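Here is a friendly walk through a few local features worth a look. Please keep the sequence and the 3D view open as you read.

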Amino acid sequence: MNSKGTLLVLCVFVVGSLCASNAPRHVYLSLTGSLNSMQVTFTTSSPPTNAIVNFWSPPSLVVASKQVATGDVHPFVRPVTNVKEYVTSVTLSPLDASKTYNYQIQVEPSDNSTYSTVFHFHTLPQGQVPITLGIYGDLGGY
């Protein structure tokens, strides 16, 4: 392979890496205190212009609802590395009891959109349900 071919491959890799730099990371799901909603929280490397979580109930591929996060983006500076990230929280609602939902995060910076993989969760059944709660914290690689 000549040097022009090698340079072309390298440029494609660098451009691809830059396009995905604001991809949603550290995605987690949490209860909200209401049985018909869940909260999706994730981080990005720069503040998103628009952060959307599309969610739907399979087998349908049609998006049942589109939730837009506005006003819930908070900057966060990692203590050891001083790297600034942006934490976004989106509440998915209304949700039906005893149903599986898929969700995918779409982050819209000013020039293009990036997407997370498709995640899923199952909602609690209606009525009183005994819940065992476990709490775990991981601050990453400090």
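This is a predicted model: local features need pLDDT of at least 70, side-chain atom pairs count only at pLDDT 80 or more; totals for chains, interfaces and linings use all residues.

Ile135 sits in the segment after β9 (119–122).

Ile135 also belongs to a nonpolar surface patch, together with Val129, Ile131 and Leu133.

## Thr41 in strand β2

Now turn to Thr41, which is part of strand β2 (residues 38–44). Is Thr41 buried or exposed? Its relative accessibility is 4%, and because buried means under 20%, Thr41 counts as buried.

What does Thr41 touch, leaving aside residues up to four places away in sequence? The contacts are His26, Val27 and Tyr28, along with Val87, Thr88 and Ser89. With Ser89 there is also a polar contact, side chain to side chain, at 3.2 Å.

## Backbone features in the loops

Most residues other than glycine have a negative phi, and most peptide bonds are trans.

The loop between β6 (84–92) and β7 (100–108) holds Pro94, and the peptide bond joining Ser93 to Pro94 is cis, with omega about -5°. Ser98 lies in the loop between β6 and β7 as well; its phi is positive, about 55°, although Ser98 is not a glycine. Ser98 is partly exposed, at 42% relative accessible area.

Asn82 is in the loop between β5 (73–77) and β6. Here phi is positive too, near 60°, in a residue other than glycine, and Asn82 counts as exposed at 59% relative accessibility.

Note on methods: Residues are numbered from 1 along each chain as its sequence is written. Side-chain values use heavy atoms; hydrogens and water are left out. Patches are made of residues with over 30% relative accessible area and no salt bridge: like charges are joined within 9 Å, nonpolar side chains (Val, Leu, Ile, Met, Phe, Trp, Tyr) within 5 Å. Accessible areas come from the Shrake-Rupley method with a 1.4 Å probe; for residues, only the protein chains shown count as cover. A salt bridge is a side-chain nitrogen of Lys or Arg within 4 Å of a carboxyl oxygen of Asp or Glu. Helices (H or I, at least four residues) and strands (E, at least two) are DSSP runs, numbered from the N terminus. Buried means under 20% relative accessible area, exposed over 50%, partly exposed in between (1.4 Å probe, protein chains only). A polar contact is a pair of N or O atoms within 3.5 Å; within protein, one must be able to donate a hydrogen and the other to accept it, and residues adjacent in sequence count only if both atoms are side-chain atoms. Contact means heavy atoms within 4.5 Å.
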